Amino acid sequence: MKTKRVMIVSVIIMGKKADKTNVMRILDQKKIEYNYYSYETKNLSGVQVATSLGEDLAKVFKTLVTVGKSKEHYVFMVPVEKELDLKKAAKAAGEKSLEMIPQKELLPLTGYVHGGCSPIGMKKQFETFIDSTAENCETIYFSGGRVGHQIQLTLSDLSKVIRIGLADITKDS
């Protein structure tokens, strides 16, 4: 018999008290409005997170960190149901080739753990690219800087906090 997992999702809008993440503090500091969602987590995939939020998979993005042939690091944001195309990503970054960084290097490099990596508030701001499909979304969701936390923001507000480039960086279906 299968058990159904019920997720608790709470929504907090800027200005309300919450257990603030670094991402939230940065957005508050810049006076950028956002929605914050927290949920119970048990190794959820990005697709499961989107489903628990009741959102279209195309609006929920995962944050991936890569290293180029030049040893420079790059951040890519792609919809949770899609895969990063490393060749397209390398072209967008102006690199010969890219590879994903090993998971054990994520925390020391970015300050974030796997599943809680946000493009906002990394130890160092890396060149960041977001899949061009984000232009079709009124708002997008991405990690709030901890596992079990999501931020909802407009693309234009995200670009006020970090420099982003738009590019076709996902594998074709």
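By the distance rule used here, the count comes to five salt bridges. A salt bridge is a side-chain nitrogen of Lys or Arg within 4 Å of a carboxyl oxygen of Asp or Glu. The model is predicted: local features need pLDDT of at least 70, side-chain atom pairs count only at pLDDT 80 or more, and totals for chains, interfaces and linings use all residues. Residues are numbered from 1 along each chain as its sequence is written, and side-chain values use heavy atoms, with hydrogens and water left out.

## Salt bridges

| Lys | Partner | N to O distance |
|---|---|---|
| Lys20 | Asp28 | 2.5 Å |
| Lys171 | Glu83 | 3.4 Å |
| Lys88 | Asp172 | 3.0 Å |

Lys171 and Glu83 link distant parts of the chain, 88 residues apart. Lys171 sits in the segment after β9 (164–167). Glu83 sits in the loop between β4 and α3 (86–93). Helices (H or I, at least four residues) and strands (E, at least two) are DSSP runs, numbered from the N terminus.

How open to the surface are these residues? Glu83 is exposed, at 51%. Lys171 is partly exposed, at 41%. Asp28 is also partly exposed, at 22%.

Next comes the pair of Lys88 and Asp172, whose side chains meet in a salt bridge. Lys88 lies in helix α3 and Asp172 in the segment after β9, so this pair ties together parts that are 84 residues apart in sequence. Asp172 counts as exposed, with 64% relative accessibility. Salt bridges with shared partners join Lys88, Asp168 and Asp172 into one network.

## Aromatic pairs

A pair of aromatic rings is described by the distance of the centres and the angle of the planes. Rings of Phe, Tyr and Trp (its six-membered ring) pair if their centres lie within 6.5 Å. Planes under 30 degrees apart count as stacked, over 60 as edge-to-face and the rest as tilted. How many such pairs does the whole structure hold? The search finds two.

Tyr37 and Tyr141 form a tilted pair, 5.5 Å centre to centre with 50 degrees between the planes. Tyr37 belongs to strand β2 (residues 35–39) and Tyr141 to strand β7 (residues 140–143), so the pair ties together parts that are 104 residues apart in sequence. Both Tyr37 and Tyr141 are buried.

Phe76 and Phe129 form a stacked pair, 5.4 Å centre to centre with 15 degrees between the planes. Phe76 is in strand β4 and Phe129 in strand β6 (residues 127–131), so this pair ties together parts that are 53 residues apart in sequence. Phe76 is buried, with a relative accessible area of 0%. Phe129 is buried too, at 7%.

## Nonpolar cores

A nonpolar core is a set of buried Ala, Val, Leu, Ile, Met, Phe, Trp, Tyr and Cys residues joined through side-chain atoms within 4.5 Å. The largest one has 31 residues. Which of its members touch the most others? They are Leu27, Ile120, Ile140, Ile151, Leu153 and Leu158. The elements giving two or more residues to this core are α1 (22–29), β3, β4, α4, β7, β8 (149–153) and α5 (155–161). Helix α1 gives the most, with four residues.

Look at Ile151. Contact means heavy atoms within 4.5 Å. Leaving out residues up to four places away in sequence, Ile151 touches residues including Val23, Met24, Leu27, Ile140 and Tyr141. A second, separate core has 12 residues, among them Val78, Leu84, Ala89 and Leu98.

## Helix α4

After α4 comes Gly111, whose phi is positive, near 90 degrees.

## Cysteines

A disulfide is a covalent bond between the sulfur atoms of two cysteines. The cut-off here is a pair of cysteine sulfur atoms within 2.5 Å. A search of the whole structure finds zero disulfides. Cys117 is buried, with a relative accessible area of 7%. Cys137 is buried at 14%.

Technical notes
Buried means under 20% relative accessible area, exposed over 50%, partly exposed in between (1.4 Å probe, protein chains only).
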